[in-house]
Amino acid sequence: MAKTKRIVPEGWFKWERPEIDFPFYNDDSAPTWHGWLLLGVSLFVAVSLNVSVFLPVDRTIFKVIVVFLIPLIALLYVAHGNLGTIIKRPHLGDIPLIIIVVVLYMIYSLSMGAFLQLVAGIQTHSNAAFGGTMDAGFFALVFVQLFGEELFKTDMLLGVLLLLFRRSGNRKSSVVIATFVTLLVFGLAHYAAYGSLLQILLIQGLGSIICLFAYLKTKNMLVSYAAHLIIDLIPFGLAALGAISAGATAAVLALF
């Protein structure tokens, strides 16, 4: 029996799932300023994460509010309360994609970490979280914060995509540029946590394309969130159980 050829809509990439598109960007009922709102909120989060180290506040509560609540409220406003625009029921076919994303990120982070230290002579820095207490409260916060980080990236991507597409009408170039801007800003948001510009641009920034690809392909943030969660829970879990030292863990996997 001949295999049915998959039809990819015009302006789409061949690796995208054609049954669902990104929200907002080609919806005439969504005003352009919604794109500026999503972009502005994402930039606010990035700046806040870098200046919070200088503020006399509880950084744990601060991060939950800034990274999780603010991007969520902005997205819900633009989506008229419909979170289903970015979160959908997962499919069995998403499981292999999640596994591939996790494995590829591990390979990438190992390779890039080795390159920075052994070839470029740049000392990479571990996330400060490895120096704290890893109890049940810590892991509960990880679940919330990582969901917020995915919201942050998604807001940025969709906001820039809307602004670019309304101006150019070119879907492919808009997706590419929006992806690049998202990776750049997301990487820079980690400067205060790591203190190494090259590291955050190459690992936290460029490396995030692996997880972001899961959303670009499925248009379902739950898929990218699941992959991101597994990637971070592996080193945190091993360190909490004492299977390997926190220092060794941090050297293997840099957090998003």
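**Surface and core assignments**

Mentor: Let us begin at the surface of this predicted model.

Trainee: What makes Ile 107 partly exposed?

Mentor: Its relative accessibility is 46%. Buried requires under 20% and exposed over 50%, so a value in between is called partly exposed. Ile 107 therefore counts as partly exposed; the residue lies in helix 3.

Trainee: Why is His 80 called exposed?

Mentor: The relative accessible area of His 80 is 69%, and the cut-off for exposed is over 50%. His 80 is therefore exposed. This residue is found in the loop between helix 2 and helix 3, and its phi is near 55°, a positive value in a residue other than glycine.

Trainee: Lys 219 also has a positive phi, near 60°, and is not glycine. Why does Lys 219 count as buried?

Mentor: Lys 219 has 1% relative accessibility, and buried means under 20%. Lys 219 therefore counts as buried. Its place is the loop between helix 8 and helix 9, and Lys 219 is one of the residues that Ile 86 touches.

Trainee: Which other residues does Ile 86 touch?

Mentor: Leaving aside residues up to four places away in sequence, they include Pro 23, Leu 75, Leu 151, Thr 154, Leu 158 and Tyr 215. Contact here means heavy atoms within 4.5 Å.

Trainee: Which residues have the most contacts inside the largest nonpolar core?

Mentor: They are Phe 22, Phe 24, Ile 86 and Leu 151, in a core of 49 residues. Among the elements giving two or more residues to this core are helix 1, helix 2, helix 4 and helix 9. Helix 4 gives the most, with 15 residues. A second, separate core has 15 residues, including Ile 98, Tyr 105, Leu 116 and Ala 227.

Trainee: Which residues of helix 7 are buried?

Mentor: In helix 7, residues 197-205, the buried ones are Gln 199, Ile 200, Ile 203, Gln 204 and Gly 205.

Trainee: How do you know that the buried residues line one face of helix 7?

Mentor: Viewed down the axis of helix 7, its buried residues fall within an arc of 160°, so they line one face. These buried residues pack against helix 3, helix 5, helix 6 and helix 8.

Notes. Residues numbered from 1 in each chain as written. Predicted model: local features only at pLDDT ≥ 70, side-chain atom pairs only at ≥ 80, totals over all residues. Heavy atoms only, no water. Core = buried A, V, L, I, M, F, W, Y, C linked by side-chain atoms within 4.5 Å. Buried < 20%, exposed > 50% of the residue type's maximum accessible area, 1.4 Å probe, protein only. Helix = DSSP H or I, 4+ residues; strand = E, 2+ residues; numbered from the N terminus. Arc of directions from axis to C-beta.
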